[in-house]
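Hello,

Please find the structure below, with the sequence. My notes on it follow.

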Amino acid sequence: MDYVVVNCNRDGEKINRDIYGHFSEHLGRCIYGGFWVGKDSKIPNINGYRKDVVEAFREIDIPNLRWPGGCFADEYHWRDGIGPYETRKKMINTHWGGVVEDNSFGTHEFFGLCEALGCKPYVNGNVGSGTVQEMSEWVEYITFGGESPMSKLREANGHKKPWKLPLFCVGNENWGCGGNMRPEHYADLYRRYQTYVRQYGPDKIFKIACGPNSGDFNWTDVLMKNAAQYMDGLSLHYYTVEPDWPTRTPAAEFDDKRWYLCLNKASWMKYLVETHSKIMDKYDPEKRVALVVDEWGTWHAVEKGTNPGFLYQQNTVRDALAAGITLNIFNNHCDRVRIANIAQAVNVLQSPVLTEGAKMIKTPTWYVFHMYKDHMDATHLESFVSTETIGIDDAKVDAVTVSASHKKGDYTVTLTNADLNKARTVTVRLDGLKTISGAEGRVLAGKLKNSMNTFANPNEVVEKKCKVEIAENTVTVKMPARSVVSLRIKK
């Protein structure tokens, strides 16, 4: 039996809802055919936005959406994506598949999408191939409500009122596809570019600097030392990739060891978050600067027969476990991690939603976000788990992980069981509560290790009610092998 203790006697930090953000890049079929089909499409749409996709993301209370990239951001010139469709410039998407980008989805379409979703816009600016003036004028075009050439241009393009721009990142992966820069060079560029990301009016723009690739701790040190006072957040990118990258397999094709390798790599997020946080603490002991994990998720080989530049992959119960483990890590480090974005929203990498023509399916990852959404803006509670380490050879992982929070008198506890073959009985004790008046559980599990939802069988892996037992201040649940559980508990 596995034991979890939740400390209800002391409140932690708020779990910022923005931890549950998503990412949309001009990559493969994320935008075109994913979020956007155009107003003339026969696929049901809301002003060009796929109705089924919009509804799926509204159901999980999407808090923010990042756009236009990714690597695409540092070759994106925003003026190409405004004005009448017939006059917009066409370009080759050199990063992703070499396809023609017609710029029919641009600034107005993105902000309209965020309005349809009811979420915050998160925009990435172009540092790699763009100018200070270009970035400055884009911010002015988006947010300035007074008299200026940019506000007049926005009005001429059909939107008189300015938008709010709550989240803005100055560049993307400038250590790689965004310019192959050294941290010292980028730190100076960031200081310069962010100066011209001006705040027009009372609405604050949360400025995010391009942070490190995975375990590049020197990048974090240099950026924090030289530019922390000018940033509100520092990004971190980390993908769950099995060690043998060149020979990685499609998402649904793996043996038992690869199950554990994947979850072992997902669990490494804890080490990354804690180590980067310690470096940030040297320069920011008050934790003013957020760690923004705005690209995370599993990265498998593309599905056979698809464009390798489109990064289209299926999504199994293994990916759901990776998501649950990662979100538990973010929740447990919410004092520093305050924004995160899974990559990507639709049809790319670890997508919560997949589309095929007029069909749409919710993946196992979507259900994890649905089961975890009660954590959003809840108060974090410290939790401890007594469990064993399981796995094969060097591919080891904690059998059970946990995070806990409370909001409006209800307690939420989320659990993952990474055990490939064994159901595990988990008892959760809520220290500080004398009795529990009620509890309900939801479980997501797969019959097979590669169980997934397909367009032919869209409901193979869905969340269901599960039985729980209550005794004084404890809740006991039997977790199936390969499962994620969410408990909602009333005191």
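**Cysteines**

The structure holds 1 disulfide, a disulfide being a pair of cysteine sulfur atoms within 2.5 Å. This is a predicted model, in which local features need pLDDT of at least 70 and side-chain atom pairs count only at pLDDT 80 or more, while totals for chains, interfaces and linings use all residues. Residues are numbered from 1 along each chain as its sequence is written, and side-chain values use heavy atoms, with hydrogens and water left out.

The bond is between cysteine 71 and cysteine 177, with an S to S distance of 2.2 Å. It is left-handed, with -90° about the S-S bond. The two cysteines are 106 residues apart and link distant parts of the chain: cysteine 71 is in the loop between strand S5 (64-67) and strand S6 (91-92), and cysteine 177 is in the loop between strand S9 (167-170) and helix H5 (183-195). Helices (H or I, at least four residues) and strands (E, at least two) are DSSP runs, numbered from the N terminus.

For burial, buried means under 20% relative accessible area, exposed over 50%, and partly exposed in between (1.4 Å probe, protein chains only). Cysteine 71 has 11% relative accessibility and so counts as buried, whereas cysteine 177, at 28%, counts as partly exposed.

Cysteine 119 is in no disulfide; its nearest cysteine sulfur belongs to cysteine 114, 4.0 Å away. Cysteine 119 counts as buried because its relative accessibility is 10%. Cysteine 334 is in no disulfide either, and the nearest cysteine sulfur, that of cysteine 8, is 15 Å away. Cysteine 334 is buried, at a relative accessible area of 3%.

**Helix H4**

Helix H4 (residues 149-156) has Met150, Ser151 and Arg154 as its buried residues. Seen down the axis of H4, these fall within an arc of 100°, so they line one face of the helix; the arc is that of the directions from the helix axis to the C-beta atoms. They pack against helix H2 (107-117) and helix H3 (132-143), where contact means heavy atoms within 4.5 Å. The face of H4 turned away from the buried side carries the exposed residues Pro149 and Ala156. Just after H4, glycine 158 takes a positive phi of about 105°.

**Helices H8 and H9**

The axes of helix H8 (residues 317-332) and helix H9 (residues 364-372) come within 8 Å and cross at roughly 30°. Axes are lines fitted to C-alpha atoms, for helices over the stretch in contact, and angles run from 0 to 180 degrees between N-to-C directions.

Regards
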